[in-house]
Every structure is written in C-alpha cells, then in structure tokens.
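Subject: Structure handover

Hi,

Here is the structure I promised you. Please open it alongside this note; my findings follow below.

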Amino acid sequence: MSLRDFFSRARWLANGVLGADKYQKYLAHHRATGCEHPPMTEREFWRDHIDRMEKNPGTRCC
C-alpha cells in the first residue's frame, strides 16, 4: 500500500467515524429514493441534524 493510499483510507475512516460524510450519504439517499422536493442545503442539513440530536439525545453523555 502506498503512502497516498494509506492517507486516503485514513481520511475515509476518520470522516466515517466523525460523521463528516453524513451529508454526502443524505444526498445519495435523496437521489436514490427519487424525492420530489429539492435536497436540503448542507447548512440546512446540519441544522436539522443538530436539532434532532438535541431533541433526542439517546446515548450521548452530555
């Protein structure tokens, strides 16, 4: 494995663990399901995501 491959995989893993890829997954799901309304902007998506997390904290520690 080259150094470039290593860093590419490390970045992919970090994005997955930290949740940075959630918006991209949302867009892929939106395209795949054929929603009639336009997708949320990235800013709208994160605001909605944070609002939902605050209303339903689940297993968060804080």
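Which backbone oxygen does the side chain of H30 reach? The side chain of H30 reaches the backbone oxygen of H37, at 3.0 Å. That is within the limit for a polar contact (a pair of N or O atoms within 3.5 Å; within protein, one must be able to donate a hydrogen and the other to accept it, and residues adjacent in sequence count only if both atoms are side-chain atoms).

First, the ground rules. This is a predicted model: local features need pLDDT of at least 70, side-chain atom pairs count only at pLDDT 80 or more, and totals for chains, interfaces and linings use all residues. Residues are numbered from 1 along each chain as its sequence is written, and side-chain values use heavy atoms, with hydrogens and water left out.

The whole chain

The protein chain has three helices and zero strands. Helices here are DSSP runs of H or I, at least four residues; strands are runs of E, at least two; both are numbered from the N terminus. The order along the sequence is α-α-α. The radius of gyration is 15 Å, whereas a compact globule of 62 residues would have one near 11 Å. That radius is taken over C-alpha atoms, and the globule rule is 2.2 Å times the number of residues to the power 0.38. The C-alpha atoms fill a box of roughly 40 × 35 × 20 Å along the principal axes. Of the 62 residues, 13% are buried. Buried means under 20% relative accessible area, exposed over 50%, and partly exposed in between (1.4 Å probe, protein chains only).

Helix α2

Helix α2 covers residues 22-33. Its twelve residues should span 16 Å at 1.5 Å a residue, and its end C-alpha atoms are 16 Å apart, which agrees. The expected span is 1.5 Å times one less than the number of residues. Y23, Y26, L27 and H30 are the buried residues of α2. They sit on the same side of α2, because they cover an arc of only 100 degrees around the axis. The arc uses the directions from the helix axis to the C-beta atoms. On the other side of α2, Q24, K25, H29 and A32 are exposed. The cover over the buried residues of α2 includes α3 (42-55). After α2 comes G34, with a positive phi near 65 degrees.

Back to H30

H30 lies in helix α2. Its relative accessibility is 9%, so H30 counts as buried. Leaving out residues up to four places away in sequence, H30 touches C35, H37, P38 and P39. Contact means heavy atoms within 4.5 Å.

Best wishes
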